[in-house]
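Please read this briefing with the sequence and the 3D view side by side, and look up each residue as it is named.

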Amino acid sequence: MTRDKEKYDVIVRKIASERLKDFRDSEDLSQAEIAARIGISARTLRNYEYQNRELTQATRLRFIDAFKVDHLSTNALYQELGLRSPEVAYPNSVVPAEGMSFLKQLRLECRARRKDNFSKPAQVLMQIRDQLYAVTSIYFGLVQLSSEFNVPLVPEDYRPDWMVGASMVLIVLLLPSLLVELPLMKVAAHFLRRRKSQS
């Protein structure tokens with residue numbers, strides 16, 4: 001456990017040191033100028049750059065506030081640990097726009113989730129599946145309506161009964177895979193919130 005803690009300390013010092021030096025070079029500022037801007041001594045900044053001290057959270061926040069730069073960003077820390085950063089792992093995450101309806105946001109999130117988690121061929125197969133499901137659902141619904149109101153959808157001679165059966169089978173087969181992708185808990189939470197706000 002101690003060894004791990006030492007390893008993490010080294011990682012934090014190393015990343016802070018490298019990024020501070022790179023930032024100073026790119027902005028063409030001296031240690032004294034940066035230190036003055038964030039309210040620490042030039043000696044303290046030197047200690048960060050030479051990895052003698054770990055960059056504190058307070059100093060980190062001062063940097064972010066003064067320069068809009070985070071020297072210990074999530075991406076850098078994850079990369080150093082050999083992990084995939086959440087910011088990189090889910091690049092297509094949806095930030096809802098003001099006034100965006102819940103259903104539109106949900107649809108965009110589902111698309112983004114597919115882009116993040118599935119290859120292009122798998123996404124194409126899913127689109128085909130979705131269209132098949134929609135077509136069979138519409139067909140089966142129209143057949144039900146036509147029999148309910150006793151209005152033939154197509155002339156009896158041209159309507160094979162196996163189409164209805166095939167539609168039902170296809171719907172039953174595709175439904176589980178569609179339900180797995182739906183964020184059901186999010187939908188339920190949304191409707192519960194709406195119900196509370198109305199009461």
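Helices here are DSSP runs of H or I with at least four residues, strands are runs of E with at least two, and both are numbered from the N terminus. This is a predicted model, in which local features need pLDDT of at least 70 and side-chain atom pairs count only at pLDDT 80 or more, while totals for chains, interfaces and linings use all residues. Residues are numbered from 1 along each chain as its sequence is written, and side-chain values use heavy atoms, with hydrogens and water left out.

**Loop residues with positive phi**

- K68 sits in the loop that joins α4 (57–67) to α5 (74–80), and its phi is positive, near 60°, although the residue is one other than glycine.
- K68 is exposed, because its relative accessible area is 66%, where exposed means over 50%, buried means under 20% and partly exposed lies in between (1.4 Å probe, protein chains only).
- D28, which belongs to the loop between α1 (2–27) and α2 (31–38), is not a glycine either and has a positive phi of about 55°.
- D28 counts as exposed because its relative accessibility is 67%.

**Helix α3 and the residue after it**

- In helix α3, which covers residues 42–49, the buried residues are T44, L45, Y48 and E49.
- Viewed down the axis of α3, these buried residues fall within an arc of 140°, so they line one face of the helix; the arc is that of the directions from the helix axis to the C-beta atoms.
- Just after α3 comes Q51, with a positive phi of about 65°.

- F102 is part of helix α7 (residues 102–117), and it counts as buried because its relative accessibility is 16%.
- Leaving aside residues up to four places away in sequence, F102 touches K186, V187 and H190, where contact means heavy atoms within 4.5 Å.
- F102 and V187 are 85 residues apart in sequence, and their C-alpha atoms are 8.9 Å apart in space.
- F149 lies in the loop between α8 (120–148) and α9 (161–181), and it is exposed because its relative accessible area is 59%.

**A nonpolar surface patch**

- I138, L142, L145, F149 and V151 make a nonpolar surface patch of about 510 Å², with accessible areas taken from the Shrake-Rupley method with a 1.4 Å probe, where for residues only the protein chains shown count as cover.
- Patches are made of residues with over 30% relative accessible area and no salt bridge, joining like charges within 9 Å and nonpolar side chains (Val, Leu, Ile, Met, Phe, Trp, Tyr) within 5 Å.
- A salt bridge is a side-chain nitrogen of Lys or Arg within 4 Å of a carboxyl oxygen of Asp or Glu.
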